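Biologist: Please take me through how to read this model, one feature after another.

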Amino acid sequence: MGARILIVDDSASIRQMIRTALEGDGYEVLECEDGEQALAAFQATPADLVITDIYMPRMDGLSLVRNLRELPALRFTPILILTTEEGDDMKQRGRAAGATGWIVKPFQAEHLCRVVGRLVPARA
Amino acid sequence: MVDLPEVTLHIGQVYATRTPTVVKTVLGSCIAVCLLDPVSRVGGMNHFMLPSPTHESRSGAQFGVHAMDLLIGAMQKAGAERRRLQAKLFGGGHVIQIGLNGSSVPERNIGFIEEFMTTEGITVLSRDLGGYLPRRIQLHTDSGKVYVKRLGQHALRQTRTEEKAVMRILGQEAERFGPILLFDDREVDRRVGSESAVRGGVRWVPGS
């Protein structure tokens, strides 16, 4: 079984684009539509890496990162923010929340896979 | 009647606001999606076209997904809630290429946006798509009302010239992507500098 990646984005189209790319590289992919759902999903089924959008209903991506980092098991799990936001102040907020990296949309699937592969190999 | 501020969108631009505004654009084969959240009264519009598919299996749909992602993101940032979004779809006129086969520019644009709305579960209140003439559309962001006017031969020539020029640029810009940053590391991939305002052919309009 490949490493498990949790994708959190309120757009089904974006989730599908990421899923196709990562499954092609041998990852197992879980999807959530918002931060609240992701937090619950993570506690039920932990993932090896999280990719999250920022603007989502109920719980936004930055709050999700902060909440995940409060879980002892999540201290070192890579969390990537995938967003249309590219301002330095937002990136600093992401970093302060505990994100591992920042990817500005539009993203190229190949680049995303390269970064994910560097943080978590598809097969342990 | 109070004069509302006006914003004109060109191909590749996105605008969303909570301040009552008139957003205008002229469409040929391009698509403009008007979104409204009737509760927060945030309204917005984008204006995009899909590039021609390339030999690298790029369908061009990725462009549309990003244009929509930018608009929905801008709406949410302005205070809209995704589940309340309502859409009106415009454009996809046969102004560049006459022919109704499924691969023509407007048909691809129309096919994309209809499929996107279904996938995302966004309610489409109305659509004015296809035809053979350009349209001028005006969105009132607070009410979501859209006024449409069909334009004549002069506008047809102008729109066709502008869209053909953009098609050529899009072919090159399809290769532009946002930067990737790892916080504990150097930037691992920087094909596009962060100073660039162009992302996937979609450009922010300042002041939103």
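Biologist: What is the mean pLDDT of chain B?

Modeller: The mean is 81, and 77% of the residues of chain B reach 70 or more. For the complex, the predictor gives an ipTM of 0.85 and a pTM of 0.83. This is a predicted model, where local features need pLDDT of at least 70 and side-chain atom pairs count only at pLDDT 80 or more, while totals for chains, interfaces and linings use all residues. Residues are numbered from 1 along each chain as its sequence is written, chains are lettered from A in the order in which they are written, and side-chain values use heavy atoms, with hydrogens and water left out.

Biologist: How much area do chain B and chain A bury between them?

Modeller: Interface size is often given as the accessible area lost when the parts come together. Here the buried area (accessible area, 1.4 Å probe, lost by two parts on being put together, summed over both) is about 2,900 Å², 56% of it on carbon and sulfur atoms. Chain B gives 30 residues to the contact and chain A 32 residues.

Biologist: How many salt bridges cross the interface of chain B and chain A?

Modeller: The rule (a side-chain nitrogen of Lys or Arg within 4 Å of a carboxyl oxygen of Asp or Glu) finds 3. One salt bridge joins Arg82(B) to Asp10(A), with the closest N and O atoms 3.5 Å apart.

Definitions and conventions:
pLDDT is the predictor's confidence in each residue, from 0 to 100. Contact means heavy atoms within 4.5 Å.
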